[in-house]
Amino acid sequence: MSALQAPTPPPSLANPAILEATDITKQFGGLTAVSDVSFTLPERSIVSIIGPNGAGKTTFFNILTGFYKPTLGRITFAGQTITRSRPDVVMKAGMARTFQNIRLFATMTAAENVMIGEHSGMRAGIFGSIVRTPRVRREERETLEKAHAELEYVGIPARLHDHLAINLSYGDQRRVEIARALASDPKVLLLDEPTAGMNPQESAQLTEFMRKLRAERGLTILLIEHDMKVVMGVSERLTVLDHGEKIAEGLPAEVRANPRVVEAYLGRSASVEG
Amino acid sequence: MEAASIPAQQSFSVERLRGLISKYGIIILLLAGPIAFAVIDLSDQGNLVRLGDNLVAGVSNGAIWGLVAIGYTLVYGIVELINFAHGDVFMIGSFVSASFFVSIGLHQGQEVFVLFVGLVLTLVIAMFACGALNSMIERVAYRPLRTAPKLAPLITAVGFSFLLQNVGLLWKTGSQQSIPDLINAQHTLATIFGVQIQNSAVLAIAVTIPLLLLMTTFISRSRLGKAMRATAQDPEAARLMGINVDTTISLTFAIGGMLAGAAGLIYALFQTTIWYFQGFTGGLIAFTAAVMGGIGNLRGAVLGGLIIGCIQQISDNRIGTSWTPAVVFGYLILIMVFKPTGLLGEQTRDAG
Amino acid sequence: MTARMPSLPAGENRRRLNIGLALVAIVVGIILPFGWPNGAPFIQDCAQALAYVVMALGLNIVVGFAGLLDLGYVAFFAIGAYMAGYFGSGFFDAINHQKGLHFLVGGTTAHLPGIHFNFIVILIIAAAVAALAGLIIGLPTLRLRGDYIAIVTLAFGEIIYIFAVNGDSIVIGGQPLTAGRQGISPVDPIDLPIVGRFGLLDLRPWYWFALALVVIVLFVNLRLRDSRLGRAWVALREDEVAAVAMGIPAVKTKLQAYATGAAFGGIAGAFLGSFLNTVNADQFQFYFSILVLGMVILGGLGSIWGVVLGAIVLSFINSWFIPDVLSTIPGKLGSTFDVTQITFGIYGFLLVVIMILRPQGLLPERRHKLELAEHDENDDSVATANESFYTAQA
């Protein structure tokens, strides 16, 4: 560590935890993908999970969002236990996510994709949809308007809103995916490698955008990232996983200098020289 | 804040229960019928001869389904597709066999040697024809649709199934056709504990077991077998390793077809009737067997076949032949619901 | 850019055009039968085609919208038909001391033994029971992958067929479950207030009734397609993982698809039961499921208008082209070959050809959107990889 003062942690880290995962273990048959990981996410913070390939980051994400049930452990979100909840229940509770490989709905337009994000907040049922009462009509209209609004918020120009999502550029597709997640008015946004495939300029735009999301919409953001510049630039706290275990957690500068972390990424010899 | 480990105790035991049901439930389900009937038999007749007869017939029938099921499972393992036309390839195998051995002049009562040579020749012809047929189906119905959504090749397979059925219909008309009983199928060879063992049973087992052993050895030892397993696991990686994926897939279909052809011959000799529609029901029965044993697993396919054969026989004998398909399908649905990976379940490429 | 009329915006313009076209189509549909003598086979074929349109629209919801490959749709046809057979014929002749059970029926029917309900009541019962069956059949398939769903639904369809065939030997309290291959016959013709009872020779009222069913079912389909539920179905079809992550409850949404699709099948089945004046087991074979599936695929999976077209085309190929046109060809070539013998071979061939040459069907879903995209300037698209979600590593 340098002779300078130890960095002061950002105030957001002191906020109460909106998401708490305790002693999460996940076994697939004989393979232990995640081992005894505890994790808290302070409200309105921007936090990253990093680690070398195969560390269990995406598995952990999938556990948090309900796609995998943990073998052991407990997860609470805003006071509600969601350990074994289905992904759609988790989403309704207030956690929205994007995916490592963009998963937009191929035969839908950008706007329609975003409208899916609003599904859980809408109320029209099967009979209402057939009969189309004035209330349902109004709900449809408002849902469409909100979809357009979210797309503009993420920077998609109006002329592209009614284009098929898969015909948009890669960067725009990423934005649409984020808009879709935002459309559900989540409290927490989980982004799985959002800058994959982006050039430095685009990555910088995205990190700026994340700050904007936190500031303007009070969101808490949890990232999985590989791009160290992004990680170091925007994260207020890092959690490092390796071989399914949490090996370090703390402020970026601290974690970066942690010999265990260096070893995990670069191998034993590197840390000895470190 | 949480210091101690808090395992999710309550929900864990629900999972455990579900796991137990999944694992043993199906075995219980399968044994329930036979055990119930065993008890009934013992109280009615004081012995298990009837059940024994059922089981012998079941195992020999089941061996045939096992052969067909291997074809399904091989193909599914490599392209993750149910070859809907497979059952009808089996039917064509029966038709080709029956036509061939009649045309070369085989008839009942000939010397064993002549029959033997004739039948081996028929076997070769049937296997060749069906292997080629299955390969052709792959070329025409599956290969062009490899990148299409899974629905597409399934539909073309159904289309081919109809085509083949129509071929059968035109070839031998819509009614069941009797064919010469070359091996004296009903002749009782031996009686063990009062249970009759007939020629047909011996034939079925005598052909299936060697073929199964041959297949498993082939898959695990030969180069093609290794190529097949590699392609089944990860086609991209296999391609990068220099394996010609297209050829491997074609050959897998060919082998599956050959086995279906062999099964067709045995079925013809066993049942002494053939019918253009036997492939539809037969295909579904064989598919049930493949799924029951664990799709992708060769031994499972044969095990599944034997089990389904027994279920069929018991149902035919106790409930009535017209209900048997419903019984088999009922088991199929139950397996899919409670244990889709089957008895010897293997993980296929996607975890589902 | 699409041409615009000077005063209206393009969207509103298109809507008016569509409504205009729809009205024209309905009017043409209504006056169509007058171009043929009453009782002409053509009108019979048309009425049947319309019933198949309803079936195909129902299957389209399950396979086209929600992407659930149902190969046992015949089950719902059977259920609907048997409801017409149970509640509109003399099948339950012993009931009520052989005096029969009647509900909202008049004329001579009101005194016949058996259960005789008003046909509209029968339609409602058929829809409800079929929907329930849809839930029961759909439930086991929920956690299965595509091809397995196909097999399970096929198995259910076959089980129902076997019960239909053997039902005459299942006797409860002296009453068999079905009439097997003999069939329940006759089935009450439709009898509506004001219009009166439909006859056996006067085919036009049947045709118009079927047309009315089609209009209603089309309306429901169009509304559902452009609704929250319709979008949810398509999302589930496109990418179930993403759909669920976005809050769509998979189980509930899929079951709604099964139930709705089944209800339409039941309605069409009840109509056909009455129209064909018989409900026998031979009508409910696997071939029928594939026939309807072929209509959906030929028309275009998920495309409402495509499916309507596909149903009409295939229905006429089945009822007119093959028996009346193709079958005359061998005679002209000096052969006695019976073309109807190769009906399902032709059909199988058609399926293969469509899937290989034009899998998107005659009127593909979203074609106007795709065409728009072709002229798109911003065409540096990157195909989204739809990889398997479950990788064992991060």
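## Strand pairing in chain A

Two strands count as paired here if DSSP finds at least two bridges between them. By that rule, β3 (residues 46-50) and β9 of chain A pair up in the parallel sense, over four bridges. One spot to look at is S48(A), whose bridge partner in β9(A) is L238(A). Keep in mind that this is a predicted model.

On to β10(A): five bridges tie β9 (residues 237-242) of chain A to β10(A), and these two strands run antiparallel. T239(A) sits opposite E249(A) of β10(A), while D242(A) has E245(A) as its bridge partner. The β9(A)-β10(A) hairpin has two residues between its strands, and H243(A) takes a positive phi there, near 50 degrees.

## The sheet around β9(A)

Six strands make up an open sheet in chain A, in the order β6-β7-β8-β3-β9-β10, and the pairing is mixed. The edges belong to β6 (95-97) and β10 (245-250) of chain A; each has a single partner strand, so one side of each has no neighbour in the sheet. On average, neighbouring strands are turned by 20 degrees against each other, ignoring direction. Helix α10 (residues 259-266) of chain A packs on this sheet and touches β9 and β10 of chain A, its direction making about 130 degrees with that of β10(A).

How many of the six residues of β9(A) are buried? Six of the six are, so to speak, under cover. In a regular strand, side chains alternate between the two faces of the sheet. In β9(A), R237(A), T239(A) and L241(A) point one way, and L238(A), V240(A) and D242(A) point the other way. Residues on both sides of β9(A) are buried, R237(A) and D242(A) included.

## Chain B: overall build

Chain B has twelve helices and four strands. Its C-alpha atoms fill a box of roughly 85 × 60 × 35 Å along the principal axes. With 352 residues, a compact globule would have a radius of gyration near 20 Å, and the 22 Å of chain B agrees with that.

Of the 352 residues in chain B, 49% count as buried. If you take the contacts in chain B between residues at least 6 apart in sequence, 77% of them join residues at least 24 apart.

## A helix to find in chain B

Helix α11 of chain B covers residues 298-318, which is 21 residues. From first C-alpha to last, α11(B) reaches 30 Å, close to the 30 Å expected at 1.5 Å a residue. Most of α11(B) is covered, with 17 of its 21 residues buried. Just past the end of α11(B), G320(B) takes a positive phi of about 130 degrees.

## Where the chains meet

The contact between chains A and C takes 50 residues from chain A and 40 residues from chain C. On the chain A side, the elements giving two or more residues are β2 (31-42), α1 (57-64), α2 (87-93), α3 (110-117), α4 (126-131) and α6 (170-182). By class, that side of chain A has 23 nonpolar, 19 polar and eight charged residues.

Chains C and B touch as well, with 33 residues from chain C and 37 residues from chain B. On the chain C side, α6 (146-166), α11 (286-299) and α14 (343-357) each supply at least two residues. Which element of chain C gives the most to this side? That would be α6(C), with 13 residues. By class, the side of chain C that touches chain B has 24 nonpolar, six polar and three charged residues.

Conventions. Residues numbered from 1 in each chain as written. Chains lettered and ligands numbered in written order. Predicted model: local features only at pLDDT ≥ 70, side-chain atom pairs only at ≥ 80, totals over all residues. Axes fitted to C-alpha atoms, helices over the stretch in contact; angles between N-to-C directions. Contact = placed C-beta atoms within 7 Å. Expected span 1.5 Å × (residues − 1). Buried ≥ 20, exposed ≤ 12 C-beta atoms within 10 Å, placed from the backbone. Nonpolar A, V, L, I, M, F, W, Y, C, P; charged D, E, K, R; others polar. Rg over C-alpha atoms; globule rule 2.2 N^0.38 Å.
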